[in-house]
Amino acid sequence: MAKIIELKKVNKWFDKFQVLKDIDLDVSSQEKIVICGPSGSGKSTLIRCINRLEEHQEGNIVVDGTELSENTKNIEKIRAEVGMVFQQFNLFPHLSVLDNCSLAPIWVKKLPKKQAEEIAMNNLKRVQIDDQALKFPGQLSGGQQQRAAIARALCMEPKIMLFDEPTSALDPEMIKEVLDVMVDLAKGGMTMIVVTHEMGFAKEVADYMIFMDEGKIVERAKTKEFFENPKSDRTKLFLSQIL
Amino acid sequence: MRKIFFIKPNISNLNICLPVGSFLILLSFLDIFLNTFYNLNPSFFIIGPVNKVLPLLLGMIGFYLIRIEYSGKKYLDIFNKKINLNNFNALCTLIISFSIIKIMPIFLSWFIIDANFVGDNKDACTGSGACWVYIKVWFERFIYGMYPASEIWRINISFILIIVFGLFGLFSNEKIKRYLILYYAVVYPILAFIIIYFLVSGGVFNLEWVQTNAWGGLSLTFIVAFFALIFCFPIGLFLALGRRSKLIAVRYVSIGFIEFWRGVPLITVLFMSAVIFPLFLPSGVYIDTLVRAIFAIALFEAAYIAEVIRGGLQALPKGQYEAARSLGMGYWKSNYLIILPQALKIVIPGIANTFLALVKDTPLIFVVGLLEIVGMTNLAKTNPKWLGLAMEGYIFAGLIFFLICYVMSKYSQSLEKKLSSER
């Protein structure tokens, strides 16, 4: 399969502290990858580099054939193709859920309003909150907000979806409804990179697991192998604590 | 208190406590009232210092008696909760209301009872109170300045036109709504300028040319405040964005501009606009004093507005910027669609504050020879026929400013309310 994301020798520093060390990563189209690791290991920074919410200082990142560089137009093009879901949802509180979803298609993709709202409604239906379309984000529960955020990202019809700990800010009861949506999405063939501690979810959908520690990719393995037969001691220790 | 009073007011003796308490409170207020307005002392039979504090004492006992928790009477409960929660609370209530009653006659007599309203010269003012005749006679000057009396209709018409064009936004439908910002930011100011330029200034269409130094009074206050407000907001907005820009040149120019204008007094800025600025203009180019003054005020207040807006921009969580960026929105789109609508909503009180300050700064244009309403009262009080009436003039001007500012403040509050309900 074609490589849709390629990272080569990516290094990144926050001031003098190195957060990413020589990251090499290939992701093929339709692959699902789950990244796990202790906090501060650089997982979030890594996926934020993929749509350049963070800038890397060394190495190359190529997304869908476009190299990420200073060129602003390139970045905006990539961002329109890469959907991102945040830990804190980051819905726009001054807009209704429907407007949250239709805003970017109207202003970035220049779709007519009617068509954009149709797409928005379809995606809200997909995450099962189409009945909340006219409410404001503040009126929804955490789980509903996160599903709305997923729908918002889907409305741009992205080729890749990035999830940055999408369930970490949720009540246990609401985690499931969000994970269900993500499982659905995975079955639909979306390319996904997910940072999460939900190992059940990882076992169910991930093609590959990546374990990061101290800015490095410690282990990259097929999901089954990763859980049953981890190679490095650091991974074993982590898994023994989390499972 | 419990030791002094054998009755502990509660719901079982409500029938006794409520009427007795209310009666005592009534007595205390009656005493104060008769005292202040009719100079009577109903409690003359009580001598010594007790006489002085008698109303307070009666009131306190009354308040104590009616302080019944869960009386079952809705209004009594609200009353007790809001102004009769404990002895201290009751004391404050009494002292404040007594003070208001005590002060009232002083105001009433000066403003109304001993004031003169009829007549057309200073000799008509015989009372010891205010001489409102002065305001009446000078009213037209206070409103229109030295504008020729026969041409005043031009000011009226132009103001009506500006208001009508300003209300345009209320009657727009969905289709026009998206162009409203463009209308108010660009078209409306130009339209207003054209109206003022051609109608008030004149010189065309057989209208007599009226120089700006003949303009004055309240109408000039409005003109200066209106244009300064309209210009200072967008300038401030771009300065606020500029100060947070990644482009170093833009950022430092913005910082320099803001710090410079915040660091100099408005009165010096106005002086410079009048004296120094013309020296920089190429010969033959002349910019009217009024225009220069308006721009001086607008730039001055823009620096303040910029800092207020920057506060709002900083208050937004970083996630909002990131979410906008992650959807492929560029700098302008994310600011216009996501950041500014939220940031501006947060800083409405701050913006209103700055706008009020701007309106109240307009009298300073006297330093460039323009006399708005305060300037006109200053001028009028030196008229030999009307000497010694400064107080009335300033109070009148103060009231007008209070009215303008109060309306603006109310509008900002309603705007805040309207926008917060959308959340």
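Does A:Glu214 count as buried or exposed? Select this residue in the predicted model, and you will find that A:Glu214 counts as exposed, because its relative accessibility is 55%, where the cut-off for that class is over 50%. A:Glu214 belongs to the loop that runs between strand S9 (208-213) and strand S10 (216-222) of chain A. Its backbone deserves a look as well, for A:Glu214 has a positive phi of about 50° although it is not a glycine. Most residues other than glycine have a negative phi.

Next, stay in chain A and select A:Glu157, which is also not a glycine and has a positive phi of about 50°. The loop that holds A:Glu157 lies between helix H5 (142-154) and strand S7 (160-164) of chain A.

Now move to chain B and colour helix H8 (residues 180-201) and helix H9 (residues 217-243), which pack with their axes 11 Å apart and at an angle of about 155°. H8(B) and H9(B) are therefore roughly antiparallel to each other, as angles over 145 degrees are classed in this way. Their crossing is left-handed. To see the contact itself, show the side chains of B:Tyr188, B:Pro189, B:Ala192, B:Phe193 and B:Ile196 on H8(B), together with those of B:Ile223, B:Phe226, B:Phe227 and B:Ile230 on H9(B). The residues of this contact divide into nine nonpolar, no polar and no charged.

Continue along helix H8 of chain B to B:Ser201, which has its place in that helix. B:Ser201 is buried, with a relative accessible area of 6%. Leaving aside residues up to four places away in sequence, B:Ser201 touches B:Arg154, B:Ile196, B:Glu208, B:Trp209, B:Val210 and B:Trp215. If you draw a C-alpha to C-alpha distance from B:Ser201 to B:Ile155, the two are 9.3 Å apart in space, while 46 residues apart in sequence.

Then select B:Gln320, which lies in helix H14 (residues 318-326) of chain B and is buried, with a relative accessible area of 5%.

Finally, zoom out and colour chain B by its domain assignment, which gives domain 1 (11-113) and domain 2 (133-147 + 210-419). The centres of domain 1 and domain 2 of chain B, taken over C-alpha atoms, are separated by 46 Å.

How values were computed: Residues numbered from 1 in each chain as written. Chains lettered and ligands numbered in written order. Predicted model: local features only at pLDDT ≥ 70, side-chain atom pairs only at ≥ 80, totals over all residues. Heavy atoms only, no water. Axes fitted to C-alpha atoms, helices over the stretch in contact; angles between N-to-C directions. Helix = DSSP H or I, 4+ residues; strand = E, 2+ residues; numbered from the N terminus. Parallel < 35°, antiparallel > 145°, perpendicular 65-115°, else oblique. Left-handed = near helix turned anticlockwise from the far one by under 90°. Contact = heavy atoms within 4.5 Å. Nonpolar A, V, L, I, M, F, W, Y, C, P; charged D, E, K, R; others polar. Domains from an automatic or database assignment. Buried < 20%, exposed > 50% of the residue type's maximum accessible area, 1.4 Å probe, protein only.
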